Each structure stands twice: as C-alpha cells, then as structure tokens.
Amino acid sequence: RAGRNRFQFVDQRQHDLHHRELQIEHSLQHVLSNELGEGLSLYYQPQVRPTDGKIMAMEALLRWQHPKLGTLSPAEFIPIAEQSAQSVRLDRWVIEQACMQVAQWRERYSQVPVVSVNLSAPQFREPDFADWLQACVASCGIKPECIKLEVTETTMMTQKNNCVAMLGRLRELGFKISLDDFGTGYSALACLHQFPLDELKIDRNFMVEASQDPRALLLLKTIVHLAQELSLTLVVEGVEDQAQLNLLANFGPLTVQGYYYYRPMPAADINKLLG
Ligand code: C2E
Ligand code: MG
Ligand code: MG
Ligand code: MG
C-alpha cells in the first residue's frame, strides 16, 4: 500500500496534463470558430546566407496568447490540435495570413523573400488541400513560387504515399517544398531521392551536437554534401552563436535559421529589415 502513493502521485500529474490538453483543445475550437482567430498571431524568422547576410527566406511561426494559460508554444498545442485534426484549419489560417502578408510586402518592397509555412500531418489526408492552396494564393494575388511548404520528416515517413502524391502536385503548381526537422524522425535517408523536394532543413539537434562532438560535425557535413549532390537547397536550423556559425564556414552554399541572426519576430519588425 505504501507503493500506491507513488501511483497516486503519477495519476494526479497525468490527470493535470490531460486536463490541460482538454482545455487547450476546447479553447482551440473557440479560437477557430471566431473568424478573427483571436489570440493567434504569426511571427517570422529570417533565413540568412552567411556569406553576405542576405535574407533568403522567412519561416512563419504561429503564436497563441491563451486567455488563461498565457503564451503557448506551438510545440505544445500543434500536437494536440493534430490529434483532432483541428490543425488542418489552424494551418490554413496561418497560410491565409502569410499569403496576405506576402501580398502586402510585395506592394511595398521590391525584394520580398520566400515565406515558408508548416504543414501538420492531418493536412495530407485532405484531398482538397492543393486546390484550396492554389485558390488561396490566387485570391491574394501572389504566385505559388512565393510560398514554401514545410513538411516534417516524421509526417513524410508516416504518410509516404499521401505526401508524395500531394507534394508532387503542389510542386507542379509552383510551390517550393522543404523537408523540415531532417534527422529527427524515422530516417528519410533511404527515400530522400524519391521525394518531391526543393530543400532540406537540418534539425537544430545536429547543430547542437556538432558543436560538442567532431564526429557529429562530420555527420552534419556529410548531410550537407548529400543535399548539395541532390540539388536541394539547405537550411541549418538553430545556429545560436558565432562559434557554431564558424563550423559551417567551409560547407558550401547554405542558409542559416537561428537566434544568432534573428529570433522570430512580428511582421512589423520584418518591415524594418525589408525597407
Ligand atoms: P520548426 O518548424 O522546426 O520551427 C523552428 C523552431 O525552432 C521554432 O520554434 C523557432 O522559434 C525555433 N528556433 C529557431 N532558431 C532557434 C535557435 O537558434 N535556438 C533555438 N533554441 N530555437 C530556435 P517554435 O516557433 O516554438 O515552433 C516549434 C514548432 O511548432 C515548429 O518547429 C513547428 O514544427 C511547429 N509550428 C510552428 N508554427 C506552426 C504552424 O503554423 N503550423 C504547424 N503545423 N506547425 C507549426
Ligand atoms: Mg518548420
Ligand atoms: Mg524544423
Ligand atoms: Mg522543430
């Protein structure tokens, strides 16, 4: 019976976590039924070419100011939204906002980098997605080439057929396709050549480990070369300091997304970089 106290403690913790999940799921429903997407906003994080500091692209990242729980990380609420396929509508809200923002930037600035958006796993079970997306960019008056779609390695590997078919079609329409979080999920290495891709994004963990272990650095270098051989553009995620950047110095053409250059920021702050 003394042992049971431990279980009770774990049960309480799980109960709290479950309660939080339900709370988040419930509030999401509310947010999405509200046309303005109250509490939701987009941040943008530039991807930089280290040789000259040029901004080559920007990733749109969702932020949610929850009325009771405070600012929630997408790393927490996206997986919850994915379970009930609410992430489908969340993704689409993000895409609409991003497309309108790109259109606005293109009116004001001569050079606007490509903007990438993240796709959640359930999106690949929605047969209308490609048509919807095509209509979305058209109604904003921008070309598909202005938008890059990020799909994680895990999504790609767990829904291979859906992803290959849908991304193939989207790529034909002119959208750029990027494989996100490469090296963290089920390894996509063996199938890399079969996927309709323009870009590889190497997960932040590689950068972290490469700065601590020469063998991890060698692994990073090998992946970079592989991507270059496959004619994919390359983004290294999570570069936080000069020392990490220096490690990439002889790696050939790539871009870097990380706190060292820019943190994710509101659109208004991006204006200052584009102007
Ligand atoms: P991700 O797509 O891999 O996005 C990169 C994440 O790394 C972002 O976290 C970004 O803020 C963070 N990051 C960038 N540079 C650094 C760095 O130098 N150091 C550290 N420690 N972190 C860095 P964020 O914004 O919290 O997003 C987390 C994840 O949530 C994203 O990972 C993505 O998988 C998902 N997500 C974000 N927005 C959306 C969205 O609109 N739709 C969907 N489906 N997923 C989203
Ligand atoms: Mg991403
Ligand atoms: Mg990533
Ligand atoms: Mg990630």
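This is a predicted model: local features need pLDDT of at least 70, side-chain atom pairs count only at pLDDT 80 or more; totals for chains, interfaces and linings use all residues.
**Entry 1: terms and model.** I take helices (H or I, at least four residues) and strands (E, at least two) as DSSP runs, numbered from the N terminus. Residues are numbered from 1 along each chain as its sequence is written, chains are lettered from A and ligands numbered from 1 in the order in which they are written, and side-chain values use heavy atoms, without hydrogens and water.

**Entry 2: the shell of ligand 1.** I looked up which residues surround ligand 1, with a heavy atom within 4 Å as the criterion. There are 26, and Arg63, Asp91, Asp180, Glu240 and Tyr259 are the closest. By class, I find ten nonpolar, seven polar and nine charged residues in this shell. Here Ala, Val, Leu, Ile, Met, Phe, Trp, Tyr, Cys and Pro count as nonpolar, Asp, Glu, Lys and Arg as charged, and the others, Gly among them, as polar.

**Entry 3: polar contacts of ligand 1.** I next looked for pairs of N or O atoms within 3.5 Å. The side chain of Gln45 has an N or O atom 3.1 Å from a nitrogen atom of ligand 1. Asp91 places a polar side-chain atom 2.9 Å from a nitrogen atom of the ligand. For Asp180, a polar side-chain atom is 2.9 Å from an oxygen atom of ligand 1. On its own, ligand 1 has 810 Å² of accessible area (Shrake-Rupley, 1.4 Å probe), and the protein covers 85% of this area.

Which elements give two or more residues to the shell? I noted β2 (54-66), α2 (74-83), α3 (87-108) and β6 (176-182). β2 gives the most, with four residues.

**Entry 4: the largest pocket.** Ligand 1 takes up the space of the largest pocket, with more than half of its atoms within 2 Å of the grid points.

The volume of this pocket (the space filled by probe spheres on the points) is about 1200 Å³. Its lining has 42 residues, and Glu59, Leu61, Pro74, Asn118 and Asp181 are the closest to the centre. β2 supplies the largest share, seven residues.

**Entry 5: the second largest pocket.** I recorded about 320 Å³ of space here. Among the 17 lining residues, Met56, Lys148, Glu199, Thr233 and Thr255 are the closest to the centre. β8 (233-237) gives the most to this lining, with three residues.

Terms used. A polar contact is a pair of N or O atoms within 3.5 Å; within protein, one must be able to donate a hydrogen and the other to accept it, and residues adjacent in sequence count only if both atoms are side-chain atoms. On a 1 Å grid over the protein atoms alone, a cavity is a set of points where a 1.4 Å probe fits but cannot get out, and a pocket is an open set with protein on both sides within 12 Å along at least five of seven lines; lining residues have an atom within 4 Å of a point.
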